[in-house]
Amino acid sequence: MNNELDCQAVDELDAAFALGAVEPDEARAVAAHLASCQQPHAQLRSMLGAGELLSLGLDPVQPNAAVRDRLMATIERTPQEHRVGLGEREAAGRRNGWLDWLSPRVARRLALAAVVAVLAVAGWNLSLQSQLAERDRALREVAEAISGGEAAFRVDGSAGRGYLVETPGSGAALVIANLASLPADQLYELWLIDAAGAVAVGTFTPSSGAIAVVPVERDLAGYTTFAVTVEADRVDAPTGTPVMVGDLTAS
Amino acid sequence: MTDRSQPNIDALLAQRIRSGDREALGELYDRYASVALATALRVVTDREQAEDLVHDTFVAVWQKIDRFDPMRGSLRSWLLTIVRNRSIDRIRAQRPTVGVDDADEQSLLRTAANPTWEAVIARRSTAELQIAIDGLPAEQREAIELAYFGGRTYREIATLTGVPLGTANGRLRLAPAKLREALRMTDAAPAASAEPMSARRPDR
């Protein structure tokens, strides 16, 4: 389906969107529209939460007592995500080389993201061929990252293609191959989107390299869509149609 | 009936769970396990599967509590959305004609519960909510339940009920409006609705 919906089309899907009764591509299109639209779409907002009422209208059903016992035993041996992250950050030391200026955790994300982009998006890129040693090291980082549960979300659009790679609890990194250049008076702005709107998470300008790597210091949890717009300056609300969009529900 | 009048208790429980307090998760379970099981059971219809889903949901809350943002809805809303979406995932996996969608807690319903609904729900008993739902025209109730408990899209609902797409979508749109009317909800409560959807919200 066409990724661009007008206000009327979004309004017509308001209840279906609020109840999760739209196809994933429709959900992305609605979210993308909401991210860039100045209209309040109050009717759609008013419908969010209606589903919870249906749950609470059911007669409660008490679980078997064994379920609680099993739950308590399970969490006894189950670490919490944010605590695992803290432990890893505390344990990690600084690294050398081209990622040295970054924290170890961010460096690992960027290494993973760069390799994912190179291998899966644009094929082998000449600009990186002189960095074989770094690539090998990054591959080792990939193995570690995958074993740590990171996820990658495809990002596509007129400005480029790539991946947003998540490290739960620590944000993400956007890696775009062959990013479209911009006039000097414009920049790219990153957005995380949910049904309530868009949150600005940073700006960047195209560099001379074929691959752009941009840290996204924001937990992706709870957001449905990632988007990039072109802006004249950093803004608090997007002013144009996204030039790249990623579905964060498609991991 | 679940105590719906003390949202601050949930906020405190969330803080305690975030700090690693396992007893707090047990207290959360005691508050909401029965409504979570009712939801799961309504979707999957199998008691054993439903209890597994409830167990897994509370484990997910324990693991991912740091992702919970009280600015975007209540802990109960988040929990019920997780159990609903996991339950839908379960039946979709058993339904070969529909692609499995990784809905879980990343799905749209988890985001941004409306304060109007939460405020009204907090003041109503289960019986009152049931009366409001039962008062919906049959075709509207069927549509909204197929969506929420059946995990069906409006296109699928149109096919299943033998009506045009516009009719199915219209029924979905009318049902929440009728519920609002039945529960005498006003549009004044969600002050945020006057704010453009695209406006930036406070950093989390």
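Author: In this predicted model, helix α7 (residues 138–148) of chain B and helix α9 (residues 165–182) of chain B pack with their axes 8 Å apart, at an angle of about 100 degrees. α7(B) is therefore roughly perpendicular to α9(B) (a term for angles of 65 to 115 degrees). Residues are numbered from 1 along each chain as its sequence is written, and chains are lettered from A in the order in which they are written. Local features need pLDDT of at least 70, side-chain atom pairs count only at pLDDT 80 or more, and totals for chains, interfaces and linings use all residues.

Reader: Which residues in α7(B) meet α9(B)?
Author: Among them are B:Arg141, B:Ile144 and B:Ala147 in α7(B), while α9(B) brings residues including B:Leu172 and B:Lys178; being in contact requires C-beta atoms, placed from the backbone, within 7 Å.

Reader: Switching topic, where is B:Thr45 found?
Author: B:Thr45 lies in the loop between α2 (22–44) and α3 (47–64) of chain B, and its phi is near 65 degrees, a positive value in a residue other than glycine.

Reader: And is B:Thr45 buried or exposed?
Author: B:Thr45 counts as exposed because it has 11 C-beta neighbours inside 10 Å, where exposed stands for 12 or fewer.

Reader: How many residues does the contact take from chain A and from chain B?
Author: The contact takes 73 residues from chain A and 73 residues from chain B. On the side of chain A that touches chain B, the largest share, 8 residues, comes from α6(A).

Notes:
Contact = placed C-beta atoms within 7 Å. Helix = DSSP H or I, 4+ residues; strand = E, 2+ residues; numbered from the N terminus. Axes fitted to C-alpha atoms, helices over the stretch in contact; angles between N-to-C directions. Parallel < 35°, antiparallel > 145°, perpendicular 65-115°, else oblique. Buried ≥ 20, exposed ≤ 12 C-beta atoms within 10 Å, placed from the backbone.
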